[in-house]
Amino acid sequence: MFAPLPQELDLWRAVRLGAAFAGSATLAQLPRLAAAVVGADGPARYTLAFERDAARQAVALGQVAMDLRLRCERCMGEVGLSLELPIALALVHAASDSDRLGLDQVPAVADQYEALPVGDEPINPLNLIEDELLLALPLAPIHEVGECQAALPPDPTDSTQAGALDEKKNPFAVLAALKSKG
Ligand SMILES: [Zn+2]
């Protein structure tokens with residue numbers, strides 16, 4: 001089995017070693033994400049493998065899944081969001097590769113991967129997982145049509161609206177009534 005991500009990781013070394021990780025992280029371990037959501041149903045589950053691809057590009061490949069609860073912008077109720085995201089990062093040397101890379105190489109990296117500037121210092125690799133989840137959050141989360149509290153009639157005691165809804169809900173009762181008459 002793969003080990004969970006460590007607190008600190010030298011990403012270049014991880015590529016050299018072909019290191020692969022799998023594990024889970026609670027919302028409390030992802031404080032930037034925790035600040036952006038209402039809550040989570042269970043931890044984030046992730047896999048992340050460091051390697052060189054066929055073109056010798058240093059990459060980090062994996063996936064992350066998490067069930068989050070957000071605040072609906074329309075009714076202020078909770079709205080669930082199940083994320084299952086692929087991770088495909090191309091490691092580039094921070095503040096050097098962007099200048100050094102030939103023009104022919106840059107589009108290939110951009111097509112397949114998201115560029116990840118990496119310095120020489122080890123980083124907390126959970127930040128990569130957290131970034132993927134943060135980037136996938138909708139700017140203005142709202143419920144699906146029919147699930148949003150704000151979509152209900154503004155006045156539920158309004159008899160004309162309630163009557164209209166009842167007829168729509170139960171057309172077969174009307175048919176049955178007609179048939180039994182005839
Ligand atoms: Zn809503």
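Mentor: Glu130 forms a salt bridge with Arg32, with the closest N and O atoms 3.0 Å apart; the term denotes a side-chain nitrogen of Lys or Arg within 4 Å of a carboxyl oxygen of Asp or Glu. Glu130 lies in helix α5 (residues 126-136) and Arg32 in helix α2 (residues 31-36), so the pair ties together parts that are 98 residues apart in sequence. Helices (H or I, at least four residues) and strands (E, at least two) are DSSP runs, numbered from the N terminus.

This is a predicted model, in which local features need pLDDT of at least 70 and side-chain atom pairs count only at pLDDT 80 or more, while totals for chains, interfaces and linings use all residues. Residues are numbered from 1 along each chain as its sequence is written, and side-chain values use heavy atoms, with hydrogens and water left out.

Buried means under 20% relative accessible area, exposed over 50%, and partly exposed in between (1.4 Å probe, protein chains only). Arg32 also meets the side chain of Asp131 in a salt bridge, at 2.9 Å from N to O. This pair again links distant parts of the chain, with Arg32 in helix α2 and Asp131 in helix α5, 99 residues apart. Asp131 is partly exposed, with a relative accessible area of 28%. As a general point, side chains of opposite charge can pair when their charged atoms come close.

A search of the whole structure finds four salt bridges. Among them is the one in which the side chains of Asp41 and Arg69 meet, at 3.1 Å from N to O. Asp41 lies in the loop between β2 (39-40) and β3 (44-52) and Arg69 in strand β4 (residues 58-71), so this pair ties together parts that are 28 residues apart in sequence. Asp41 is partly exposed, with a relative accessible area of 44%, and Arg69 also counts as partly exposed, at 23%.

Ile129 touches Leu5, Tyr46, Leu48, Val64 and Ile87, not counting residues up to four places away in sequence; contact here means heavy atoms within 4.5 Å.

The model also holds a metal site. The zinc ion is coordinated by Cys72 (SG), Cys75 (SG), His143 (ND1) and Cys148 (SG), at 2.0 to 2.3 Å. Donors are N, O and S atoms within 2.8 Å of the metal (3.2 Å for Na, K and Ca), and water is not among the atoms, so sites may look incomplete. The four donor atoms subtend angles of 101 to 123° around the zinc ion, which makes the arrangement tetrahedral; four donors count as tetrahedral if all angles lie between 85 and 135 degrees. Along the chain, the donors follow the spacing C-x2-C-x67-H-x4-C. Cys72 is buried, with a relative accessible area of 0%.

Met76 lies in the loop between β4 and β5. Its phi is near 65°, a positive value in a residue other than glycine, and Met76 is exposed, with a relative accessible area of 51%. Arg56, in the loop between β3 and β4, has a positive phi of about 70° although it is not a glycine.

The chain averages a pLDDT of 84, and 73% of the residues score at least 70; pLDDT is the predictor's confidence in each residue, from 0 to 100. Over residues 160-169 pLDDT stays under 50, and the model has two contacts beyond four places in sequence for that stretch.

Definitions and conventions:
Tetrahedral: all angles 85-135°; square planar, octahedral: opposite > 155°, others 65-115°.
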